[in-house]
Amino acid sequence: MPEEVSVDAGHEATEPDFGAWVASRGPALQRFAYLVTGNSSDAPDLVQDALTRALPRWESLAASGTAEAYVKRSIVNGSISGWRKRRRLVLVEDVEPMATRHEPGPEERDADEAWALVQTLPSNQRAAVVLRFYEDLSFAQIATVLDCAEATARSHVHRALAKLRQRLNEQGSVDQRGNEGVDNE
Amino acid sequence: MSDFEREERAFRAALARAADGFEPRKLAIPGDAEESGPAAVSSKTETAEEKTPVRRRSTWILAAAAAVLAVVGLGGIVANLQSSGGDSTAASGASSADDSAGDAPKALSEPEAAVPEDTYTNRGRTDLPAPTDGNRWAVRYDIAFQVPQEWADATAPALPECIAEPGDQWDTVPRTPYVANITNQPVPSIACNETKDRDFPPQFGKVPFSLWQPYVLIQKPEKGDTYETGSWEHEGWLLTRVRIEDAYATILTGPGDEKVNYEIKGSLRTTPKDPYGCETASPLAAGDPIRPKTNPATSPLEGDAPESIAICEYEPSSASLTGSREITGADASGLVKAIRDAPASSGPNSPQNCAAGQPVTAYVILRIFREGGEPGDVYVNYENCDDHGFFDGITVHRLTPASCRPVFAAEPVTIYSAQGDVATVCLP
């Protein structure tokens, strides 16, 4: 499960020191960046850039308890503009683990489909999905992080869910047809 | 209980699994630099940091970030693609030093410090009002409209499969919301204009659905041509096309962003000047020599340090602005000095390697603004065979790497075609 996340005041109040906060939140922020970008090389760089931007404002961010949200928004913004830096590079995704003969169960197949969908979502929608289902944030908190209306955050997530349902249904139809084909032989 | 219980469970499982498979790196923490280097994280950082000035910490972190980039082999490329000190119709509009990379969000509790400084309304260079919060103005031809600040300027192919090398054909499709450039469109392979595997309405074009990004495209049709106007929806994406004067604006937005679509549409207007002070009508028409029509009393390259330089790219055939951006401060001063220092002659010219008589498709005007004075224009001729250089109305200066590369350092002002000698000195 992800580390506890808060965007409300008070969270940073107990950790006002920037270095300590980075040490504490760095791994979680990198996981968030990885889920938002899908690229394990970019994630630490995005976090580092975001921290660089947060540092000059650290005192006020820590005092207001909004450092986490600020840094996450900066990560999302960075993931959106990152293509400009990479656009002439052919990105190679992380190597998948060696295929095994393990036959995935229904829930595992659903998760596979969900991850495949996440990787195709536009950046803001993808971030909303990560914030909702990995960070367990409320829609109001997601809206704060993404700097959008709560309705927009809700819409991002709802449409992703609807899209996943459609894909799962299509997958189910394909599986069913495949099984029927076997039965008929 | 949610109506999407299965889907929510799937998302949670997928994200948890992916996150578990990710190995975080050690981040650079201020105060640890002198003791153990960038990759180390020490439990003593709190003590060290207390003794370290904030400014020093910032520098150190930047150095660490650069080191990470160098490790993954992107350093040189990033350095080339990141324009410095400039803003553009593509840029975020943020102009503070902290936000120069364009990714810094507004602070959640310190709006005054985080709101991007407005760089044009208070300088009176355009009739456009200040954009609404979080938006920026973009201008194509004489059509201005507001888009969210993070939308880039980019070039998109109509049919990615028809784009040949260099690079992956999919790499020609922008990966972020964008305002489409007018110039520098990829040239599709000959006789490649059909595809049969698209399963969405034809109004949405031919970019595969999985690669869709929100965009705004301004088009001026050939004489007699018209485009279909209206609104179309596909899988939550909203496509709107409206006519404004003699142009068409096509707006595509993603699921849940209908409001963005309406707001862009509502902001469309014609304008005589862009946010940086570029005239939206080209002073030169097709066939005109690329130089000022009147000669100033003194060169616009002389005088105090410029406040800013608007880099305005024009298309003589439509007599329109096709792209613009702005540089300020030291970058603006440096460009003026580099032009002034360039030899007082035209060049590089190699007419023996060039087919003469082709129409000029693009040129640039550098509009130099100084405090309290009228702007001065320097014309840049870089296409075709001859007469290349910076023309200030008094002297012509040669295109050199120091003077020309800053002009074409960032989109949407780019070189579409040039002789090899010019490309060598002008392309970043």
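Analyst: Start with burial: a residue counts as buried if 20 or more other C-beta atoms lie within 10 Å of its own. By that test, buried residues make up 41% of the 428 residues in chain B. Keep in mind that this is a predicted model.

User: What is the secondary structure of chain B, in helices and strands?

Analyst: Chain B has 10 helices and 16 strands. If you take its contacts with a separation of 6 or more, 65% are between residues 24 or more positions apart.

User: Since the model is predicted, what average pLDDT does chain A have?

Analyst: pLDDT is the predictor's confidence in each residue, from 0 to 100. Chain A averages 75, and 71% of the residues score at least 70.

User: How do I read a nonpolar core, and which residues have the most contacts inside the largest one?

Analyst: The general idea is that in soluble globular proteins, nonpolar side chains tend to be buried together. Here the largest nonpolar core has 70 residues, and those with the most contacts inside it are V216(B), I311(B), V364(B), V378(B) and V380(B). Strand β13(B) gives the most to this core, with six residues. There is also a second, separate core of 58 residues, which includes I75(A), V76(A), A128(A) and F11(B).

User: What does I311(B) touch?

Analyst: Leaving out residues up to four places away in sequence, I311(B) touches S324(B), R325(B), E326(B), I327(B), V364(B), L366(B), V407(B) and V413(B).

User: Now sheets. What is the strand order in the open sheet of six strands?

Analyst: In chain B the order is β4-β5-β6-β9-β8-β7, with mixed pairing. β4 (152–154) and β7 (230–234) of chain B stand at the edges with a single partner strand each, so one side of each has no neighbour in the sheet. From one strand to the next, the twist averages 20 degrees.

User: How many bridges join β5 to β6 in chain B?

Analyst: Two bridges join them, and the strands run parallel: β5 covers residues 178–180 and β6 covers 215–219.

User: Which strands does helix α7 of chain B lie across?

Analyst: Helix α7 (residues 258–267) lies across β6, β8 (237–244) and β9 (247–253) of chain B, and runs at about 165 degrees to β9(B).

User: Last topic, the backbone. Which residues have a positive phi although they aren't glycine?

Analyst: Look at Y141(B), with a positive phi of about 55 degrees, in the loop between β2 (135–140) and β3 (143–148) of chain B. N384(B) has one of about 60 degrees and lies in the loop between β14 (376–381) and β15 (389–391) of chain B.

User: Why does N384(B) count as buried?

Analyst: Because N384(B) has 22 C-beta neighbours inside 10 Å. Y141(B) is buried as well, with 24 other C-beta atoms within 10 Å.

User: And where are the cis peptide bonds?

Analyst: One runs from G347(B) to P348(B), with omega near -5 degrees; P348(B) is in the loop between α8 (329–341) and β13 (363–369) of chain B. Another runs from E411(B) to P412(B), with omega near 10 degrees, and P412(B) is in the loop between α9 (401–404) and α10 (420–426) of chain B.

Note on methods
Residues are numbered from 1 along each chain as its sequence is written. Chains are lettered from A and ligands numbered from 1 in the order in which they are written. This is a predicted model: local features need pLDDT of at least 70, side-chain atom pairs count only at pLDDT 80 or more; totals for chains, interfaces and linings use all residues. Helices (H or I, at least four residues) and strands (E, at least two) are DSSP runs, numbered from the N terminus. A residue is buried if 20 or more other C-beta atoms lie within 10 Å of its own, exposed if 12 or fewer, and partly exposed in between; C-beta atoms are placed from the backbone. Two residues are in contact if their C-beta atoms, placed from the backbone, lie within 7 Å. A nonpolar core is a set of buried Ala, Val, Leu, Ile, Met, Phe, Trp, Tyr and Cys residues joined through C-beta atoms within 7 Å. Two strands pair if DSSP finds at least two bridges between them. Axes are lines fitted to C-alpha atoms, for helices over the stretch in contact, and angles run from 0 to 180 degrees between N-to-C directions.
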